[in-house]
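Visitor: I am new to this structure. Could you walk me through how to read it?

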Amino acid sequence: MTEPERAGRFALQLATLLVRLRWVVIGFWVSACLLVTLVFPSLGEVGGGSGIQGLLPRDTPAVATELRSVRLFGFPLLGRTVIVQRNPERLSVFAQARTVVNAVAVNRQKYADLGPLLGALPITNAFGVFPGARERDTTALTYLFFDPSVSFARQTRAAQHYADRFFQPRDHLVGVTGSVPARDRQGTIISDNLPKVELLTLTAIAIIVGLAFRSVVAPVVALLTTGVAAVLTLRLSGLISQLLGAASPSELEPVVVALLLGVVTDYVVFFCSSLRHELAGGTERLAAAHTATARFLPIIGVAGLAVAAGTGALLVAKSAFFAALGPALVFTVLVALLVAVTLVPALMAVLGRLVFWPSRPAALEPEAATGTGRTSRRSVFSWVARGRPRAAAAVAVGVVGLLAAAVPATHLALGVSFVGSLPGNDQVREAAAAAEKGFAPGILSPTTVLVQQPGITSQRRQLDKLSALLRTEPGVAGVLGPGDAPNRLVSGTLLSNDGSAARYLVVFDQPALGAGAIASVDQLQSRLPTLLHASGLDRATAALAGDTAAAAFIVDQAKRDLLRIAVAALLANFLMLVLFLRAVVAATYLLVASMLSLAASLGLTTVLFDYLDPGAGLTFYVPFSAAVLLLAFGSDYNIFAVGNIWEEARRRPLPEAIAVVMPRTIGAIFAAGVALAASFGLLSVVPLVPFRQLAFVMFVGIMLDVLVVRAVLVPALLTVVGRFSAWPSSRLSSAAAAGPPSGGRRPAAD
């Protein structure tokens with residue numbers, strides 16, 4: 001096959017330029033890395049955003065209710081920061097009394113050195129005061145209230161200062177907990193573990209690439225390329241975030257790093273595989289680098305654009321988290337693609353056979369080197385390609401297996417976990433566990449019910465009835481209302497000073513922000529008008545505030561985004577496949593195959609994490625992010641695998657093209673897939689539940705895609721559908737009509 005047949009004119013011209021200017025290209029990227037490192041901040045240095053409020057617009061019902069509550073009472077009645085005291089044997093009356101006295105003093109502004117602290121609300125499980133408490137006289141909580149604009153780190157420090165100042169050893173202080181300290185801890189854990197993730201991922205990439213090519217130099221090429229792309233991506237992303245004044249979610253940087261390292265390694269493997277094939281055919285160094293670059297630039301370029309387009313589907317979402325994640329992923333892929341398609345060819349041109357040192361590319365048989373001659377009879381792909389019944393059986397087994405694994409995904413539940421995502425031995429998690437033992441699972445982030453009506457504070461009988469009705473609602477473990485707290489704490493805390501509003505704290509019997517609590521919040525929201533009517537407060541209005549109510553909005557918004565994201569992702573990937581393959585039929589079943597492996601990975605992830613933490617559900621962004629990424633990577637591998645088959649099918653019948661191309665192509669896809677799976681799988685090093693969920697679903701999804709879809713389903717589907725795969729193009733029909741290459745034998749008819 002001649003070079004013009006293998007690549008387009010633009011690819012040939014660009015390959016010529018990259019090979020000739022190889023030293024200039026290498027020098028440019030090295031200089032660019034040095035420049036951005038010295039001048040621009042990294043993404044981590046800009047700072048991340050963080051709490052649930054950062055995921056919501058201000059007109060969200062829960063946020064709007066919270067802001068009204070702050071205007072009416074002066075501070076929010078939300079348990080985002082909690083001080084926990086606990087003695088399993090008995091918390092003394094004096095310790096409980098000091099807890100109440102200290103909180104009253106704070107609310108009366110008797111202390112001027114408490115920083116941003118606005119108010120405090122003590123709750124104990126003494127004498128059965130708090131309905132639904134699991135124990136009695138063992139636990140006391142102090143909810144601390146801050147201006148929401150105060151940073152999480154500052155709130156956490158202020159809470160610790162309060163605990164150190166007002167609690168003595170005999171008060172059995174356990175620690176500070178809540179969603180705010182949990183988010184502060186999450187940011188610390190991520191920043192502490194990110195260097196470890198990067199080091200382990202780079203080590204895994206080096207080992208995988210080294211084994212794939214039996215070389216110590218090929219890993220250096222991969223590491224150098226990924227290093228350049230990583231520096232540019234993180235520094236330029238930091239600059240963009242700084243210029244826009246937008247804080248990125250703290251979860252963003254590890255995902256960007258995993259995507260970046262995996263994608264760049266994929267393209268390094270594809271280029272080096274082509275270079276090895278050319279060198280094995282006896283081509284000299286520069287010519288081999290030129291041919292490998294010209295041949296794979298279109299494939300890798302389109303594959304990279306497919307990944308960028310696929311991840312860009314997140315841009316259609318209305319969720320604030322996806323609004324930040326989508327552009328970051330697209331930018332990451334584009335930078336990785338630009339670096340890979342320029343730096344790797346330059347390095348190949350400089351190093352040549354040294355890329356594979358100390359091994360040497362094995363010499364190809366003459367007919368393999370020229371692409372002519374008969375195919376290997378012992379190849380499993382040849383076996384599949386030579387009989388439609390065999391291929392149909394492979395398709396049936398693969399599809400049934402993937403569908404069976406996907407069934408649990410139909411029961412997928414979503415949550416927004418903060419405290420529950422922390423390691424079990426973390427101080428914030430331990431304090432939370434102590435609070436839940438003394439009260440109820442949802443005690444750390446109660447939901448506020450704000451009831452408004454002029455003069456409502458004088459209707460104490462109706463307010464008490466509403467409190468009693470709230471306690472009877474499904475999923476409610478306890479309610480703290482105006483009739484449940486000491487009188488000196490009620491005024492200004494649970495009843496507004498202007499007489500127009502009352503507040504209740506509702507605690508659920510499921511961990512706050514989890515899937516179970518979110519379901520209870522949704523039901524309570526729908527029941528509020530009925531409860532007001534039954535309480536005699538027909539003219540009053542009621543609304544919910546709090547992290548669980550906000551989480552319910554986030555999950556509902558994510559579910560509403562599902563259709564938009566799904567349509568955009570499928571359309572983007574379908575169009576890229578159609579444009580590259582010029583085949584509607586093949587693009588359709590290739591995309592369906594990728595969807596099957598995605599569904600199977602989500603099903604297996606649902607089963608595992610439901611077993612590990614029943615009722616918590618998957619973190620809301622995990623299945624959506626995984627779906628977009630896995631579909632994009634599926635198109636990436638489809639373009640690489642089927643693109644090579646399409647090229648070979650220009651000059652030989654499709655079954656023979658499958659048998660010739662797939663053995664060498666699947667090796668490159670396997671190496672690239674394992675590297676990509678390792679990049680995401682090593683996110684599990686970060687000891688936070690959402691990262692372990694994302695790591696698992698991505699690792700399983702990529703391996704299913706490589707081992708089942710790419711290795712079995714794709715060649716089998718191509719065989720079953722045959723020449724009709726290329727419809728509306730007629731390229732496969734033309735190849736079949738031309739007959740087998742000289743010296744070869746036509747395989748069984750397809």
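Guide: Gladly! Buried residues, meaning those under 20% relative accessible area with a 1.4 Å probe and protein chains only as cover, make up 59% of the 750 residues in the chain. This is a predicted model, where local features need pLDDT of at least 70, side-chain atom pairs count only at pLDDT 80 or more, and totals for chains, interfaces and linings use all residues. Residues are numbered from 1 along each chain as its sequence is written, and side-chain values use heavy atoms, leaving out hydrogens and water.

Visitor: How many helices and strands are there in the chain?

Guide: Helices are DSSP runs of H or I with at least four residues, strands are runs of E with at least two, and both are numbered from the N terminus. The chain has 25 helices and twelve strands.

Visitor: How do I read a pair of packed helices?

Guide: Such a pair is described by the angle between the two axes and the distance between them. Here, the axes of helix 10 (residues 252–280) and helix 12 (residues 320–351) come within 9 Å and cross at roughly 30 degrees. The axes are lines fitted to C-alpha atoms over the stretch in contact, with angles from 0 to 180 degrees between N-to-C directions. Helix 10 is therefore roughly parallel to helix 12, a term for angles under 35 degrees.

Visitor: Is Asp 426 buried or exposed?

Guide: Asp 426 counts as buried because its relative accessibility is 6%. It lies in the loop between strand 7 (414–415) and helix 16 (427–438).

Definitions and conventions: Parallel < 35°, antiparallel > 145°, perpendicular 65-115°, else oblique. Buried < 20%, exposed > 50% of the residue type's maximum accessible area, 1.4 Å probe, protein only.
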